[in-house]
Amino acid sequence: MIKVLIVDDDFMVAKVHAGFIQRTPHFEVVGVAHTGARAVIETERLQPDLVLLDIHLPDISGLDLMHQLRDVAPDLDVLVISAAREVETVRKALRGGIVHYLIKPFSQADLQERLEHYLSAYQGLDSSKNQAEQADVNRVFGVSVSERSLPKGCSVETLELVESALKSAPGDLSAAEVAEQLGTSRVSARRYLEYLHDEGALDVRLKYGVGRPERRYVLKGR
C-alpha cells in the first residue's frame, strides 16, 4: 500500500480528499496535518510515501515546506494540490521535484488519474535493476506511444495492434506469427517488434533448430 499524508489547512477539504484517496486501490491515508509545523512532525513519525501538499498554509508556504519534509523523509514524493494558479508558483513547485500539480477544485476522477500514474510510473520503477530502460523513463515522464519517434513507415495504430497481440499471447511470439495475426508482412512485424525491444518493453528469446536461431518476443516480466 502507498501511505499518504494530507497537508491542508481546510479541515473539510482535507476530509473530502481523504475520502477520494481511500476509494483509490493501493492507497491509504495514514495521517492529516493542517499546518506546516504539524506536517513535519507527522512526516517524521509516519514516514509516508506520498504527501498531498497544499501551497497556502497558515504558518509556511507549501513550497518552502517541501524541503523540511524531505529533511525528515528523504524518499518522500510530493503531489501539490492547491488553488494557486500563478505560473511562477507552478514553476517553483516543478523545480522542487513534485510528481504532479493538481489545481483545486478537482474531482475524484482527476485525483485518481494522477495517483494511478504515480503508482504505475514512480512506484513501478524496478529497484532490483541497476539501470532503467527507456520505456521505464517514458512512463515516469508521461510520454505516450503517440509521442515516440517511430521508425520510418511505422504507425502508432499498428504498433498498438502488435502490443495487443503480445499481451493476449500465452507465451512468446515470432515475427511470422505476429504478421499472420495482423495480416502484415513478416518484415513489417519484425520492425515493430525490434522497436519495442529497443524501447525495453520486450525480451527476446532465441529458439534453436536447423539454420539461424529464431527470434521470439515476449513482454518483459513474463
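This is a short tour of one predicted protein model, moving from the whole chain to a single residue and its surroundings.

**The whole protein**

Start with everything displayed. The protein has 222 residues, and 42% of them count as buried. Its secondary structure consists of 9 helices and 8 strands. The accessible surface is about 12,300 Å², with 50% of that belonging to carbon and sulfur atoms.

Next, select β6 (residues 173–174), β7 (202–207) and β8 (residues 214–219). These strands make an open sheet in the order β6-β8-β7, and the pairing is antiparallel. At the edges are β6 and β7, each of which pairs on one side only.

Now look at where β6 meets β8. The two strands pair in the antiparallel sense over 2 bridges. To see a bridge partner, select Leu173 and then Tyr217 in β8.

**The helix across the sheet**

Finish with Ser174, which is found in strand β6. Is Ser174 buried or exposed? Ser174 counts as buried because its relative accessibility is 3%, and the cut-off for buried is under 20%.

What is Ser174 in contact with, leaving aside its neighbours within four places in sequence? Select Leu193, Glu214, Arg215 and Arg216 to show these contacts.

Methods:
Residues numbered from 1 in each chain as written. Predicted model: local features only at pLDDT ≥ 70, side-chain atom pairs only at ≥ 80, totals over all residues. Heavy atoms only, no water. Helix = DSSP H or I, 4+ residues; strand = E, 2+ residues; numbered from the N terminus. Buried < 20%, exposed > 50% of the residue type's maximum accessible area, 1.4 Å probe, protein only. Areas by Shrake-Rupley, 256 points an atom, 1.4 Å probe, with all protein chains shown as cover. Contact = heavy atoms within 4.5 Å. Pairing = 2+ DSSP bridges.
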